[in-house]
Amino acid sequence: MSLPRTERIKPSVTADEIRPELIGIGRRSALMRGLSLGGLAMLTGCDLSTHSGVDAALWAMMRFDDRVQAALFSRKRLAQTYPVSAVTEPFRFNAYYQEWQVREMPPDWRLELSGRITEKAPWTIDKLHALPRETQITRHICIEGWSQIGQWSGVPLHAFLQRVGADFKARYVSFKCFDGYSTSIDMPSALHPQTILALDFLDKPLGPEWGAPVRLRIPTKLGYKSAKNIQAIAVTNAYPGGYWEDQGYDWFSGS
Amino acid sequence: MHWVGAAAVICMILSGWAIYNASPSLAFRFPRWMTLGGWLAGGIAWHITAMWVLFVDGSAYLLYGFCSGHFRRDITPRGPGAVIHDMWAALTGRLGHRLGHYNAVQRLLYAGVIAVICVSVVTGLSIWKPVQLGWLADLFGGYPIARFIHLAAMICIVLFLIVHLTLVVIFPRTLVAMLTNTAVEPKETAS
């Protein structure tokens, strides 16, 4: 049985008495909602492609992270190497296009050199094959998270850069590829002993899908930095960017 | 510290889902509207930005928790007997709830989630820098296993959040206490 209205127990505190507190709580919870759910709903639109302040802040944080990564990097620290038995089979094809779109090496292919290099004459593939090689079995880690172990052999990039008289004080080494891809790395990473211009994959000359005739293999960076089907190398102080970097992958991408 | 940390953890989880979707280890993907960053690069940008917030806030919180005695006094887990006792009391509706005082189940959950967040940060560092911090990745059994532990830690944190938020909904006055930064029981009103 419900009590008549007048006989209801009188609340010891009325809304009027605590109105300032109620308003305060209301404001605070509104603020929290704004900061959390509503805010997140708006922020999910920030994907590095807009000109919003949030995207600008994200880009700025990535530049900061690049500096932290460069500071963490040591040319003496080597990526772990594995026995032949650890090699992943079958090795996964990966590019910014599908496997049927792989491009064969152009018949008149030469490796072009430009920028802060003294000997800029183009290199034939035979000339590259004549240089001393190194072999590595290392883990290729994709920015997507998956990883697999492969075997590459080729000319250490530091030896090649020395041979052509590159300016080691320059900041960047950039790679342009005939499949439309491009990327760039910092000079200290370029001079790392495990950074190689790979000519062989799994003990065989590179097939077109693995980057023929020459590709970069750099186990101290994420997989997308190991450019395939290289056409031109440049040594430069002007930030070269790259195919994925220009869209928002963080540039340093060190492992 | 709780709210900054909470925002950072939520950002880490939602942007982590965007990264997970690029190469899912389990047989599902997160719906795009649930993720932060829109795509892989955006997810990573959010992840390595919120990482710093979590790192700074989390370090300050750990320092405060250990130095002030908050951890020792309030969330050091009690024995399994106390947990079972308090869990039973809670399920039968006989467990009192005093603001600012944690029962054995809460102690276990709060200490547990702090430990799991620490594990997720450390495994996250090891898969961010598996060469430069190779010793750390080795500690977890190498890159692929460290990545899996990172995923498992996320799942534990999400499960915790579900329980945590459900309880806040059931006991909304705890939210008021958290928002107003007071842990004072309202005075019993004479009736």
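**Ground rules.** I am looking at a predicted model, where local features need pLDDT of at least 70, side-chain atom pairs count only at pLDDT 80 or more, and totals for chains, interfaces and linings use all residues. Residues are numbered from 1 along each chain as its sequence is written, while chains are lettered from A and ligands numbered from 1 in the order in which they are written.

**Chain A, overview.** I found five helices and nine strands in chain A; helices (H or I, at least four residues) and strands (E, at least two) are DSSP runs, numbered from the N terminus. Read from the N terminus, the order is α-α-β-α-β-β-α-β-β-α-β-β-β-β. Chain A has 255 residues, and 36% of them are buried. A residue is buried with 20 or more other C-beta atoms within 10 Å of its own, exposed with 12 or fewer, and partly exposed in between, the C-beta atoms being placed from the backbone. I also looked at contacts, meaning C-beta atoms, placed from the backbone, within 7 Å. Of those in chain A between residues at least 6 apart in sequence, 69% join residues at least 24 apart.

**Chain A, backbone.** Which residues does a cis peptide bond join? I noted A:E89 and A:P90, with omega about -5 degrees, and A:P90 sits in the loop between α2 and β1 (112–115) of chain A. Another cis bond runs from A:A212 to A:P213, with omega near 0 degrees. A:P213 belongs to the loop between β7 (204–205) and β8 (215–217) of chain A.

Next I turned to phi. A:L202 is not a glycine, yet its phi is positive, about 50 degrees. I place A:L202 in the loop between β6 (196–201) and β7 of chain A. Is A:L202 exposed or partly exposed? It is partly exposed, because A:L202 has 16 other C-beta atoms within 10 Å. A:D203, not a glycine either, has a positive phi of about 70 degrees and lies in the loop between β6 and β7 of chain A. A:D203 has 10 other C-beta atoms within 10 Å, so I list it as exposed.

**Chain B, a helix pair.** I looked up how helix α5 (residues 104–128) and helix α7 (residues 143–170) of chain B pack: the angle is about 150 degrees and the axes are 9 Å apart. That angle is why I call α5(B) roughly antiparallel to α7(B), a label for angles over 145 degrees. Axes here are lines fitted to C-alpha atoms over the stretch in contact, and angles run from 0 to 180 degrees between N-to-C directions. Residues of α5(B) including B:L109, B:V113 and B:I127 meet residues of α7(B), among them B:Y143, B:H150 and B:V163.

**Where the chains touch.** How many residues does the contact take from each chain? I read 32 residues from chain B and 40 residues from chain A. On the chain B side, α2(B) gives the most, with eight residues.

**The core.** The largest nonpolar core has 44 residues, and B:V9, B:A50 and B:I157 are among those with the most contacts inside it. Such a core is a set of buried Ala, Val, Leu, Ile, Met, Phe, Trp, Tyr and Cys residues joined through C-beta atoms within 7 Å. Elements giving two or more residues to this core are α2 (53–72) of chain A and α1, α2, α5 and α7 of chain B. The most come from α1(B), with 10 residues.

Notes:
Angles under 35 degrees count as roughly parallel, over 145 as roughly antiparallel, 65 to 115 as roughly perpendicular and the rest as oblique. Two residues are in contact if their C-beta atoms, placed from the backbone, lie within 7 Å.
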